[in-house]
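Here is a friendly walk through the packing, the contacts and the charged pairs of this model. Have a look at the structure first, then read on.

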Amino acid sequence: MASTKQKALPETYTVEVFRFAPGEKKPRYDRFEVPVQHPGMTVLEALLYIKENLDPTLAVRYSCRMAVCGSCGMYVNGKGVLACHTRLAEFPSGKIRVSPMPNYPVVKDLMTDMSEFFTHHREVKPYIINPEMRAEIERPTREFLQTPEEVEEYLQFSYCIKCGLCVSACPTVASDPDFLGPQALMTVTRYNRDTRDGGWTYRLEVVDRPHGVWNCHFAGACTEVCPKGVDPALAIQFLKREAVVHGLGLDRLPFWPKRKQAPLAPPPKPARRKGIPAPPPRTVPES
Amino acid sequence: MARNKRLGIWGWIFGGRHNVERFLYTLHRITGVALVFYLMAHILVVGSRAFGQEAWENAMRLVGAGNPVVRVLEYLLVIAVVFHATNGIRLVLGELGIGIGRPRRPVYPYPKDSIRKPRKWILVLEGLATVYLVVAAYFFFVRH
Amino acid sequence: MREGVAWALHLFAGVILFFLLLFHVTQMHVALFPGWGEAALEWTNVLARAGARGWKILYLLFLAAALYHGFFGLRNVLIEISFLRRRVNEVTIVLSALGVILFAYGFYTTLATPSPMPGLP
């Protein structure tokens, strides 16, 4: 892909786009000629050029155009990418074939239905649960203290933008719709490794079942396609070790290292320097 | 109506242009399933030895021991065993979180440690497997 | 049994098999020593192995590990196929029954093989 520096790029690109509309029997590929408008033109820009000039019925979902929102995940020449994050220059042949992410229902053209994806995501409770600190979590008064090393443990996994590319690349998901999928399993590790969290037993119970974490067989396709470098495969393998330890009951043994709990920051000291007199007493009652 | 685009078991192979580990996943399953079916037949055939020499020799004749075609099939079986074993060692280590790196900040170009780091194991393990298979081939087809 | 414990056993059996199976394949097909390779299938050699107590224990361990690893792996593959995914219990029961039957047969084979005649090495 990097060998495009010196070669002159094609002036027009042949873009084959997957087309399907509800009610149609079979999908088809439509071919468009898209002129390259500037050297950094992306696949998303090419699709928008088609929509503006050639065929306004093309449906494509996008929002931020800068690989932050995770809306435009699709397959370009058989590889899962964010369309906004992939330049036409990466395909010096001048031909690209754009199709929606596999393993999702197609709503129209390149738009996929992500509801199953988010069902699995919700199933693992992707937020901090801490029964002991409930009052503090719901009405925060102070911050939880974490060392930089403790942040590093989960920071990479929190970069996920929920584009769904990992799930579309996973071979297990291809045949098993009930499998939680790389994104949800990665999220379990992200929250279980967070020292502010206390809900790890719940999440381990959710993944320790058929179609849970054990149906990941380390194909690594999720890591390969992830456009944000999140490395879901790494997170899932750590999760397996954690779930085995929990399932065997090793973590209940007395000598097993205890999970760290992030302490609350000490209450703030009154910031008043010496020699400054106290304010006068209130004259109006406190509301 | 949305169109279901789930690939089914064909997605194990034809899911797009993916990394090599994803194809090893499929190969691991194919060899694994084949070995399970071989194991069932193997247990039944070897069971003949409990009934004495004649039963054993009959069973060996039945499965065609010494037949050149059977020898080639057996060699394919050894390939499957050796591949499944070496790839399995990589999977065991990786799945227990050994040697696949640690989480770190995703700075471009992204690290992708969990697949980049074990790639050298693939080379080493499959290299050893190839050496073994070459030696085995000598004993299979030249000096049996 | 917890799914995770079963999976850990699957891994453990796999590690055992790595050594036992590679040894078995080498012994059966690579004639490094007398009685190995093609000759390993001759009745006297079969009997010499089948009669010794150490070999019997090894064979039983081998049998158990191979059946457990194989059938757990097959179950994993089967429950990932979409039309069997909601039939996890049925798949598990059928495969466990098959595994137990094959183990019983293998157990019988291991114990019932006639002892080698006196004077054999």
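How many salt bridges are counted between chain B and chain A?

## The contact between chains B and A

The count is five salt bridges between chain B and chain A, a salt bridge being a side-chain nitrogen of Lys or Arg within 4 Å of a carboxyl oxygen of Asp or Glu. Please keep in mind that this is a predicted model, in which local features need pLDDT of at least 70, side-chain atom pairs count only at pLDDT 80 or more, and totals for chains, interfaces and linings use all residues. Residues are numbered from 1 along each chain as its sequence is written, chains are lettered from A and ligands numbered from 1 in the order in which they are written, and side-chain values use heavy atoms, leaving out hydrogens and water.

Chain B brings 39 residues to the contact and chain A brings 53, where contact means heavy atoms within 4.5 Å. About 4000 Å² is buried between the two chains, with carbon and sulfur atoms giving 55% of it; this buried area is the accessible area (1.4 Å probe) lost on putting the two parts together, summed over both. R3(B), K5(B) and R6(B) supply 19% of the area that chain B buries against chain A, more than any other three residues.

## Charged pairs

Over all chains, the structure holds 32 salt bridges. One of them joins E95(B) and K240(A), with N and O 2.6 Å apart. This pair crosses between chains, from helix 3 of chain B to helix 10 of chain A, with helices taken as DSSP runs of H or I, at least four residues long, and strands as runs of E, at least two, numbered from the N terminus. E95(B) is buried at 6% relative accessibility, and K240(A) is buried at 0%; buried means under 20% relative accessible area, exposed over 50%, and partly exposed in between (1.4 Å probe, protein chains only).

Within chain A, E16(A) and R31(A) meet at 2.8 Å, N to O. Here E16(A) is buried at 10%, whereas R31(A) is exposed at 53%.

## The nonpolar core

The largest nonpolar core has 81 residues, of which V43(A) and L47(A) touch the most other members. Such a core is a set of buried Ala, Val, Leu, Ile, Met, Phe, Trp, Tyr and Cys residues joined through side-chain atoms within 4.5 Å. Helix 10 (residues 232-247) of chain A gives the most to this core, with eight residues.
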